[in-house]
Amino acid sequence: MPSPTPYRDQEPYLYLVHSPRDTGTVRSLGEQLERNYRLWYDAGDGSSQLWTQEMEERLLGCTALVMLITPSFAFSHVCRTALTRAILYNKLLIPVLLSSGPYTDGLTRQLQSMQPLSLTAPGSE
């Protein structure tokens, strides 16, 4: 199955953010989500940790920010920026835990105020 393609039209869409380190891990999840939802995400090679104008525009236009959370999420400048700016823009936040952590204290505090969807393996928490 080919890799998902970032949504580029004007209909409502979800902004999918994940650490570049986790690109391989989240590819199949993105393919599954793309069957039912329009998704936008940075399709770069994962080497850049810079917040771009396109990311800002896509965040402004999205319906919700879906955060695919692993321990490396908290150490990604792009992920932290997306979360901070989504809060600033009052976007709906959908945290999805892909592993049980450990997470940074700051991210742990932010997650406590949300109800994350856990896709962690049974018994890994």
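**Sheet and nonpolar cores of the predicted model**

The model is a predicted one. A second, separate core of 10 residues includes Leu14, Leu16, Tyr41 and Leu68.

Ile69 itself is listed with Tyr15, Val17, Leu65, Met67 and Leu107 as the residues with the most contacts inside the largest nonpolar core, which has 23 residues. Two or more residues of this core come from each of β1 (14–18), α2 (53–61), β3, α3 (77–88) and α4 (105–112). The most is given by α3, with 5 residues. In soluble globular proteins, nonpolar side chains tend to be buried together.

The strands form an open sheet of 5 strands in the order β2-β1-β3-β4-β5, with parallel pairing. The edges are taken by β2 (39–40) and β5 (117–118); each has a single partner strand, so one side of each is left without a neighbour in the sheet. Strands of a sheet pair through backbone hydrogen bonds, either parallel or antiparallel.

Within the sheet, β3 (residues 64–69) is joined to β4 (residues 92–97) by 6 bridges in the parallel sense. Here Leu68 has Val96 of β4 as its bridge partner. Strand β3 also pairs with β1, in the parallel sense and over 5 bridges, and Val17 has Met67 of β3 as its bridge partner. Both Val17 and Met67 are among the residues with the most contacts inside the largest core.

Strand β1 pairs with β2 as well, again in the parallel sense, over 2 bridges. The bridge partner of Leu14 in β2 is Leu39.

Burial was examined for β1, where 5 of 5 residues are buried. In a regular strand the side chains alternate between the two faces of the sheet. Both faces of β1 are covered, with Leu14, Leu16 and His18 buried on one side and Tyr15 and Val17 buried on the other. Of these residues, Leu14 and Leu16 are included in the second core, whereas Tyr15 and Val17 are listed for the largest core.

A search of the whole structure finds 0 disulfides. Cys62 counts as buried because its relative accessibility is 4%, under the 20% limit. Cys79 likewise counts as buried, with a relative accessibility of 0%.

Note on methods: Residues numbered from 1 in each chain as written. Predicted model: local features only at pLDDT ≥ 70, side-chain atom pairs only at ≥ 80, totals over all residues. Heavy atoms only, no water. Disulfide = S-S within 2.5 Å. Buried < 20%, exposed > 50% of the residue type's maximum accessible area, 1.4 Å probe, protein only. Pairing = 2+ DSSP bridges. Helix = DSSP H or I, 4+ residues; strand = E, 2+ residues; numbered from the N terminus. Core = buried A, V, L, I, M, F, W, Y, C linked by side-chain atoms within 4.5 Å.
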